[in-house]
Amino acid sequence: MKHSSSIIVGSGCYLPTHRVTNDGFIDHVFFGQDGIKLPAENKEIIEKFQHITGIRERRYVTDDLLASDIAFLAAEDALASSKTDRETLDYIIVAHNFGDISKQNPTSEFVPALASKVKHRLGITNPNTVTYDLTFGCAGWLQGVIQADYYIRSGQAGRVMVIGTETLSRICDPHDRDSMIYADGAGAIILSAIETTERVGILAHAARSYTDELAFVLKMGKSNNPEYRSDRLFLKMQGRKLYEKALKIVPEIIKTCMDRVNVPIDDVDSVLVHQANNKMDEAILRELYGLYGRKHAPEGVMPMTISWLGNSSVATLPTLYSLLASGKIPNYALKAGATIVFAAVGAGVNINALVYKVPE
């Protein structure tokens, strides 16, 4: 019997042109969340940061660009790669968390929706192309993919574009060492419906929200610098608490997702994890394989971009996939028939996972 499956027919991304190395933070004055200046020298702070996160540099947008602008650029890239007629899109879903924030006025703008701005920039006139935004923490893009799969499987859509875009450089506190984690970027995919008897495309997905003691591990707050002359709010994170919880629950939800379709761990070719930080992602992978009684994960199963792109929130996964699909990650390739696992964790705390098989 044939059934409708969702397959990725195109992908694209926008990598901001402004590279910021770790040396760019050498003159910053860092404070703890208690408002006390960190006693260590910046060189030591930066070296320890790089050791833990793996980040050597990150990308920031230029002053003239907004999150919706780079979302549009990623969308154009995805349309070109798939040769999709833009007027045939049934949905455009844009995942983000902070809207459009300009360099001149660092206030989040959510009206009109970023998805509406993207559709406008794309020049799509079809009123049946429905647009909306999605906020789900760093797991937002993957949740958009999950929603798109529901639309396609229900027969309500044949082609959906899902974009993740963020300009975290506009909301990070220059006096918080966590600011070195954050980056800007945008990525997009186009999902299309196919009728098939084979197990291809999106095979399964799972999502959870932990809003008890984890609800505010990421939140907005004032600068760590008690003398900062503004009431402006910045992104704040309890990194240790998030790390400890993510290490336990992310592997569990991945396994839950895989078990739903009886995919054994040895059949997984690639694990694409939200680029949160290198140490956490490697620990998640190690714990995942441990759930299957494996002492070690195979070499080369988890491509990473965080060392040179940083953490761009909802943009990390679609950017990673697009670079993988276009052969731009050394020593990695997206092969026909490969089984890929996606996973993400972010503010909320929201966590999700998805199993995808590349069509032959």
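Strands E12 (residues 339-346) and E13 (residues 350-357) run antiparallel and are joined by 8 bridges. In this predicted model, Phe342 has Leu354 as its bridge partner in E13, while Val345 sits opposite Ile351.

Put together, the strands belong to an open sheet of 4 with the order E8-E13-E12-E11 and mixed pairing. Strand E8 (201-209) and strand E11 (270-273) are the edges, each pairing on one side only. From one strand to the next, the twist averages 15°.

Two helices pack on this sheet. Helix H5 (residues 239-260) touches E8, E12 and E13, and its direction makes about 140° with that of E8. Helix H8 (residues 316-325) touches E11 and E12, with its direction at about 145° to that of E11. As for E12 itself, the strand is mostly covered, with 8 of its 8 residues buried. In a regular strand, side chains alternate between the two faces of the sheet. Both faces of E12 are covered: Thr339, Val341, Ala343 and Val345 are buried on one side, and Ile340, Phe342, Ala344 and Gly346 on the other.

Elsewhere in the chain, helix H2 (residues 67-82) has 16 residues and spans 23 Å from its first C-alpha to its last, close to the 22 Å expected at 1.5 Å a residue. Its buried residues include Ile70, Phe72 and Leu79, along with Asp69 and Ser82. The buried residues of H2 pack against strand E1 (3-14), helix H3 (114-122), strand E6 (159-167) and strand E7 (184-196). Just past the end of H2, Lys83 adopts a positive phi of about 55°.

Helix H3 also takes part in the charge pairing. A search of the whole structure turns up 14 salt bridges. One of them brings together the side chains of Asp100 and Lys117, at 2.7 Å from N to O. This pair links distant parts of the chain, 17 residues apart: Asp100 lies in the loop between strand E4 (91-95) and H3, and Lys117 in helix H3. Asp100 is buried, at a relative accessible area of 1%; Lys117 also counts as buried because its relative accessibility is 19%, under the 20% cut-off.

The Arg153-Asp149 salt bridge has its closest N and O atoms 2.9 Å apart. Both residues lie in helix H4 (residues 140-154), 4 residues apart, or about one turn of the helix. Arg153 is partly exposed at 38% relative accessibility, whereas Asp149 is buried at 1%. Asp231 and Lys222 pair through their side chains at 3.6 Å, N to O. Asp231 is exposed at 61% relative accessibility, and Lys222 is exposed too, at 53%. A network of salt bridges links Asp173, Asp176 and Lys236.

Disulfides are another matter, as the structure holds 0 of them. Cys138 is in no disulfide, and the nearest cysteine sulfur, that of Cys172, is 13 Å away. Cys172 is likewise in no disulfide, with the sulfur of Cys138 as its nearest cysteine sulfur. Cys138 counts as buried at 18% relative accessibility, and Cys172 counts as buried at 10%.

Notes. Residues numbered from 1 in each chain as written. Predicted model: local features only at pLDDT ≥ 70, side-chain atom pairs only at ≥ 80, totals over all residues. Heavy atoms only, no water. Disulfide = S-S within 2.5 Å. Buried < 20%, exposed > 50% of the residue type's maximum accessible area, 1.4 Å probe, protein only. Pairing = 2+ DSSP bridges. Axes fitted to C-alpha atoms, helices over the stretch in contact; angles between N-to-C directions. Contact = heavy atoms within 4.5 Å. Expected span 1.5 Å × (residues − 1). Salt bridge = Lys/Arg side-chain N within 4 Å of Asp/Glu carboxyl O.
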